[in-house]
Amino acid sequence: MRLIHTSDWHLGRSFHGVGMLDAQRSFVDQLVGAVQTHGVDVVLIAGDVYDRALPGVDVVKLLDDALVRLTAAGAKVVLTSGNHDSAIRLGFASSLLERGGVHLRTRVENLAEPLILPLGLDAQGAEAVLAIYGIPWLEPRMVADHFGVQPNHFDVTQAATAQVTADIAVRDEKTTVHSVVLAHTFASGGISSESERDLSIGGVGAVPLDLFAEFSYSALGHLHGRQTLAPNVRYSGSPLAYSFSEAGHRKGGWLVDIGPNGVEAVEDIGWDAPRELAVLRGALRDLLDASEHAWAETAYCQITLTDAQRPARAMDQVRARFPDTLVLNFDPVGGPSATASTYSSRLAGAPDDLAVCCGFLSHVRGRDADAAEQAALASALDNVRIEEASR
């Protein structure tokens, strides 16, 4: 049995104001191609299918198309909800969809109801099965009463995994059970990035890795970087970069082979991004002239200028070479001077009104007034004085 582990599709998300539906369609094309090429039997989606609880019509259609194409390619789909999804909406018509090979696990009441698939006879001649469980995103305040535990991430996750373990134990009395568990959570040992939002007020509630240690394979979602926490506990990461902090990520998923005797192999599979991400830093002139940055001319760019003073028309100049600059930051070489006086103290020491105006202009934009600007300010001040004197 071959599975492919994905998560955090975030359908409908934008990237610094740029819509990503076309890029997400490209990912779906690659996923369908991988199912066909590698003979995938089950596609796992470990939460955050949508980016919003109320996705747009075109976003819902994209997921609909993806599920139709994946099942038409011969794969079953097991899908759990994440903290970005509306579990109720995502789980709509789950019983009907199950007939078509799409198995939704968005309700805590169903987390111990696995998809059972036959694997044949194991080495001892016993019948072996694959049991795939889905643990949806567990918001402690919402599910603690259901489990009869305290409202924190550890207790609710422990209660959920205990229910799964108990179901496996019962089934193990009759057959050899190899278990796969999908969960959208922050397991300790993972590495976060900027595009994961805080899970709760006060920070992220992490759960210990050993809650998933007993399962044959744990397909985790929530962190956007693909990573291995243990041989049988992995994050697939998001299929696309959703922040510039992910510029160095190699996006992909995991191909998992499971036979009658358990997990046989786990291999990575990569997704190609339609556009590269570039994070550049330096003085404006250097960035515009340096040949080594030619590759970034077709990338989405985050650029930090280190000029001592903010260049005039900085974004226009940057976009002349890097047209898809989405973020422009300023970080003058050396940072703010430790001996620099505060704005209010500089204002108090200004010799005249013109110095006050020039000082304010320098303060708000990070660049001193040039000769033409000083002349314009002086003229405006003269006109004010003339007007006041005529009253």
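**Reading the features**

Mentor: UniProt, in an unreviewed entry, puts "domain: Calcineurin-like phosphoesterase" at residues 1-97. UniProt positions follow the numbering used here, names are shortened, and annotations may be inferred rather than shown by experiment. This is a predicted model, where local features need pLDDT of at least 70, side-chain atom pairs count only at pLDDT 80 or more, and totals for chains, interfaces and linings use all residues. Residues are numbered from 1 along each chain as its sequence is written, and side-chain values use heavy atoms, leaving out hydrogens and water.

Trainee: How far apart are the end C-alpha atoms of residues 1-97?
Mentor: They lie 22 Å apart, and the span is 43% helix and 20% strand. Helices (H or I, at least four residues) and strands (E, at least two) are DSSP runs, numbered from the N terminus.

Trainee: Which domains does the domain assignment give?
Mentor: Such bounds come from an automatic or database assignment. Here you get domain 1 (2-270), domain 2 (275-335) and domain 3 (342-390). The C-alpha centres of domains 1 and 3 are 60 Å apart.

Trainee: What volume does the second largest pocket have?
Mentor: A pocket is an open set of points on a 1 Å grid over the protein atoms alone, where a 1.4 Å probe fits, with protein on both sides within 12 Å along at least five of seven lines; lining residues have an atom within 4 Å of a point. Points join across faces, edges and corners, and volume is the space filled by probe spheres set on them. This one is about 370 Å³. It has 15 lining residues, with A87, T106, W137, M142 and V143 closest to its centre.

Trainee: Which helix gives the most to that lining?
Mentor: α5, with 3 residues.
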